[in-house]
Amino acid sequence: MLRFTDLMGRMQAVRGDAPLPVAGGQVLAWLSDDFALLDTARWTVSGSPSVASSELTVGSSQSLLSVQTFHAPCLLEAVITMTARAAGDDFRIGFYRDDNNLVEWAATGATAANMDALMRAGGVDNHQTGMDVGAANNSYRLASIYIGLGEVIWSYRPVNALLGHGQPRRIVEHGIPDGPFRVRLAGLAGTSQLRVHRVTAYQLADVVLPGALGHMVESLAVPVRLVNTPFAAQASTTTLNSLSSSTDTFSALAAGSTALGSTRTFSTEQLHVQAYVHGDQPFTVWLEGQTDGTNWQVIWMANSTDANPEGTPLPARYYAVSPIFQWIAGHRGLRARVKNTGTASGTFRVTIGATML
């Protein structure tokens with residue numbers, strides 16, 4: 001067993017071979033079939049649905065019902081199409097209970113572009129029918145259904161399209177049936193055929209926000225957990241990468257002379273800052289900051305250390321490294337000042353690194 005803490009701080013345990021993660025939630029179990037063959041170990045089969053060229057074809061009075069069951073929260077995704085549409089058609093794909101309660105997509109009636117988002121709980125129907133989802137005969141689309149702890153989301157969108165995902169087609173927040181559900185691919189009536197290229201169902205350990213399903217959800221604040229990344233500012237505020245740095249190089253700086261580096265402004269946020277200084281002559285270095293937004297003030301100062309007192313030539317023999325400190329005067333300048341305390345002209349390099357708290 002693999003133990004982990006979910007985003008709500010709760011301890012969870014799953015099989016050690018479970019993939020981590022899928023669709024935004026830890027997957028406890030899953031069913032996936034691309035129909036290389038009709039696997040009766042996975043499906044209870046009624047009638048004579050056929051499989052050819054990695055595709056399942058379901059006609060009237062034919063069905064597949066998964067042996068595996070699912071409980072909320074769970075997710076179904078299937079790449080499907082209809083060969084035609086006729087007035088008496090009723091073809092289903094979705095989650096189905098043995099007592100005829102269900103959450104399904106249905107292709108009914110003669111209008112090719114329309115699908116029905118069906119739900120039945122306790123024998124009470126809550127259907128939305130005749131929705132124009134842009135379906136077309138012999139054109140594959142991704143039908144998905146997510147059953148959460150307090151909502152059901154139906155979505156129906158193109159596959160392999162160079163466009164953004166569409167909005168959820170239907171969301172229901174009450175009257176949701178309880179599991180256990182089976183995955184059902186069925187032709188209840190009609191003269192057409194349902195073709196299924198792939199179906200995948202996931203048993204999730206935690207709820208999934210609608211945005212995690214790959215849909216556009218407007219005006220919804222989605223909580224985010226940042227991993228191995230510093231604090232990020234609001235979207236309207238200038239930010240910087242996980243680590244940013246700026247370097248000043250002073251060449252042929254005469255003995256006893258002082259050079260001033262450029263003003264560096266990294267971010268509007270509070271920072272962690274560290275300075276790295278190297279030279280081929282001894283030096284004194286100052287790091288200055290605009291603590292009040294206008295005037296410069298020394299915030300760190302050091303004399304160089306000889307990295308090689310034995311005298312073996314090194315390209316940057318003298319160095320100084322500041323401690324990591326917090327720079328809380330957001331969007332105010334930082335700069336370095338270097339004095340050559342050696343006996344000959346020298347070259348000095350100062351790098352200031354910064355990352356947001």
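Reply: Start with R97. R97 is buried, at a relative accessible area of 18%. Buried means under 20% relative accessible area, exposed means over 50%, and partly exposed lies in between (1.4 Å probe, protein chains only). D99 is partly exposed, with 39% relative accessibility. R97 and D99 form a salt bridge, and their closest N and O atoms are 2.5 Å apart. The term salt bridge means a side-chain nitrogen of Lys or Arg within 4 Å of a carboxyl oxygen of Asp or Glu. Side chains of opposite charge can pair when their charged atoms come close.

A word on the basis. This is a predicted model: local features need pLDDT of at least 70, side-chain atom pairs count only at pLDDT 80 or more, and totals for chains, interfaces and linings use all residues. Residues are numbered from 1 along each chain as its sequence is written, and side-chain values use heavy atoms, leaving out hydrogens and water.

The structure holds 12 salt bridges. Another one joins E288 and R335, at 2.6 Å from N to O. E288 sits in strand β22 (residues 283–289) and R335 in strand β27 (residues 334–340), so this pair ties together parts 47 residues apart in sequence. Strands (E, at least two residues) and helices (H or I, at least four) are DSSP runs, numbered from the N terminus. Both E288 and R335 are buried. Elsewhere, salt bridges that share partners join D90, R92, E104 and R184 into one network.

R264 and D248 also meet through their side chains in a salt bridge, 2.7 Å from N to O. R264 lies in the loop between β20 (258–260) and β21 (271–279), while D248 lies in strand β19 (residues 244–253). The two are 16 residues apart, and the pair links distant parts of the chain. Both R264 and D248 are buried.
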